[in-house]
Amino acid sequence: MKKIFFTIALAFTTWMASAQYMVITTMNENSDMENLTDNIGFGYEMTDDVVLGVQRNGENYDLFGRYAFGDAYVSGHIPTDMNMDSLSFGIGYSVKFWNNLYLEPNYSFDGDGNGNFNLGVACRF
């Protein structure tokens, strides 16, 4: 039993050590610098193209996913209560600003078809 536990623990730590993480935040046209942490999130880069994570949305949290096409990406957000009326999709572009810091302008659509332009900041580890 100890060998099985050790093997699982070793596989898990190897998997975590080879992964890349990202911290993101998003500001829209109604935000100011005081609201920078209102939409902060944490993502796990499953592959070079796929990112899954959780992002704060005011007092609640959203699950998000992204698929990259080079520097461009498509993304989807869904609240943790799985309310499909609040599902949103977007497109964006990552611009490397400095070392591991990226600026990410994006445009997202909510369930009603309303669009928002957002400016995101991401730091990849």
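## Strand pairing and pockets in a predicted model

**Strand 5 and its neighbours**

- Strand 5 is largely enclosed by the rest of the structure, because six of its eight residues are buried.
- Strand 4 and strand 5 run antiparallel and are joined by eight bridges, with phenylalanine 69 standing opposite alanine 72 in strand 5.
- The hairpin formed by strand 4 and strand 5 has two residues between the strands, and glycine 70, which lies in the turn, has a positive phi of about 75°.

**The hairpin of strand 7 and strand 8**

- Strand 7, covering residues 95-98, pairs with strand 8 in the antiparallel sense over three bridges, and tyrosine 102 in strand 8 is the bridge partner of lysine 96.
- Two residues lie between strand 7 and strand 8 in their hairpin, where asparagine 99 takes a positive phi near 45°.

**The largest pocket**

- The largest pocket has a volume of about 700 Å³ and a lining of 33 residues, of which Asn57, Asp62, Ser88, Ser108 and Asn118 lie nearest its centre.
- At least two residues of this lining come from each of strand 1 (20-28), strand 3 (50-57), strand 4 (60-69), strand 5 (72-79), strand 6 (88-93), strand 8 (101-109) and strand 9 (115-124).
- By residue class, the lining of the largest pocket divides into 19 polar, eight nonpolar and six charged residues.

**The second largest pocket**

- The second largest pocket has a volume of about 220 Å³ and is lined by 14 residues, of which Asp48, Ala68, Gly70, Ser94 and Arg124 lie nearest its centre.
- Strand 4 and strand 5 are the elements that give two or more residues to the lining of the second largest pocket.
- The lining of the second largest pocket divides into six nonpolar, six charged and two polar residues.

**Confidence of the prediction**

- The chain has a mean pLDDT of 83, with 86% of its residues reaching 70 or more.
- Among the elements of the chain, strand 6 has the highest mean pLDDT, at 93, whereas helix 1 (residues 2-17) has the lowest, at 72.
- Where pLDDT is low, the predicted coordinates should not be read in detail.

Methods
Residues numbered from 1 in each chain as written. Predicted model: local features only at pLDDT ≥ 70, side-chain atom pairs only at ≥ 80, totals over all residues. Heavy atoms only, no water. 1 Å grid on protein atoms, 1.4 Å probe; cavity = no way out; pocket = protein on both sides within 12 Å on 5 of 7 lines; lining within 4 Å. Points joined across faces, edges and corners; volume = space filled by probe spheres on them. Helix = DSSP H or I, 4+ residues; strand = E, 2+ residues; numbered from the N terminus. Nonpolar A, V, L, I, M, F, W, Y, C, P; charged D, E, K, R; others polar. pLDDT = per-residue confidence, 0-100. Pairing = 2+ DSSP bridges. Buried < 20%, exposed > 50% of the residue type's maximum accessible area, 1.4 Å probe, protein only.
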